[in-house]
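Reader: Hi! Could you walk me through this fold in plain words?
Author: Happy to, here it is.

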Amino acid sequence: MIYHHPRMTSQTESTYAEIFSALSEPIRIEIVSMIAGTDELACTVLDDTLPITKSTISYHIKILYHAGLIHVRKDGRYYFYRLRREIFDQYVDGFLDRLAVARRSRKNRSARELTAAR
């Protein structure tokens with residue numbers, strides 16, 4: 001049997017792996033979706049909206065930041081998040097568009113369910 005040494009991954013392959021790893025959690029996709037819906041999202045919106053603790057939000061933000069998917073700005077006690085859309089365009093082109101369609105569909109379905117329940 002012949003064994004081959006694994007080749008070193010290229011920078012591009014490493015970048016893809018880090019991006020897809022960051023996007024492998026549904027809650028991080030939800031965070032990306034929320035940030036994508038605005039130019040800049042305050043940390044308080046995530047805290048008020050997501051069913052997870054502040055420390056867990058911070059953990060997920062850190063992963064998205066280290067993958068290069070978001071920019072973080074601190075102003076006083078608060079943090080603000082912006083998507084690095086150029087990274088999405090380069091590595092996962094069309095992802096944000098599909099995410100927006102899925103989010104609209106989910107909102108429409110929720111509105112229909114509310115109306116039907118009345």
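**Fold overview**

Author: The protein has six helices and three strands; helices (H or I, at least four residues) and strands (E, at least two) are DSSP runs, numbered from the N terminus. This is a predicted model, where local features need pLDDT of at least 70, side-chain atom pairs count only at pLDDT 80 or more, and totals for chains, interfaces and linings use all residues. Residues are numbered from 1 along each chain as its sequence is written, and side-chain values use heavy atoms, with hydrogens and water left out.

Reader: Thanks! In what order do the elements of the protein run from the N terminus on?
Author: They run α-α-β-α-α-β-β-α-α.

Reader: How many bridges link E2 and E3?
Author: Six bridges, in the antiparallel sense, with E3 covering residues 78–83. Ile70, for example, has Leu83 in E3 as its bridge partner.

Reader: What about H2 and H4, at what angle do they pack?
Author: About 75°, with their axes 10 Å apart. H2 and H4 are therefore roughly perpendicular to each other, a label used for angles of 65 to 115 degrees, while under 35 degrees is roughly parallel, over 145 roughly antiparallel and the rest oblique. H2 contributes Ile27, Arg28, Ile31 and Val32 to the contact, and H4 contributes Tyr59, His60, Ile61, Ile63 and Leu64.

Reader: Is His60 buried or exposed?
Author: His60 counts as buried because its relative accessibility is 7%; buried means under 20% relative accessible area, exposed over 50%, partly exposed in between (1.4 Å probe, protein chains only). Not counting residues up to four places away in sequence, His60 touches Ile27, Arg28, Ile31 and Ile52.

Reader: Switching to Ser33, where is that one found?
Author: Ser33 is in helix H2 and is buried too, with a relative accessible area of 6%. Leaving out residues up to four places away in sequence, Ser33 touches Leu99 and Arg103.

Reader: And Asp75, in which strand is it found?
Author: Asp75 is in E2, which spans residues 70–75. Asp75 is partly exposed, at a relative accessible area of 45%. The C-alpha atoms of Asp75 and Ala42 are separated by 10.0 Å, and these residues lie 33 apart along the chain.

Reader: Last one: what share of the residues of the protein counts as buried?
Author: Of its 118 residues, 29% count as buried. Among contacts between residues at least 6 apart in sequence, 57% join residues at least 24 apart.

Note on methods: Pairing = 2+ DSSP bridges. Contact = heavy atoms within 4.5 Å. Axes fitted to C-alpha atoms, helices over the stretch in contact; angles between N-to-C directions.
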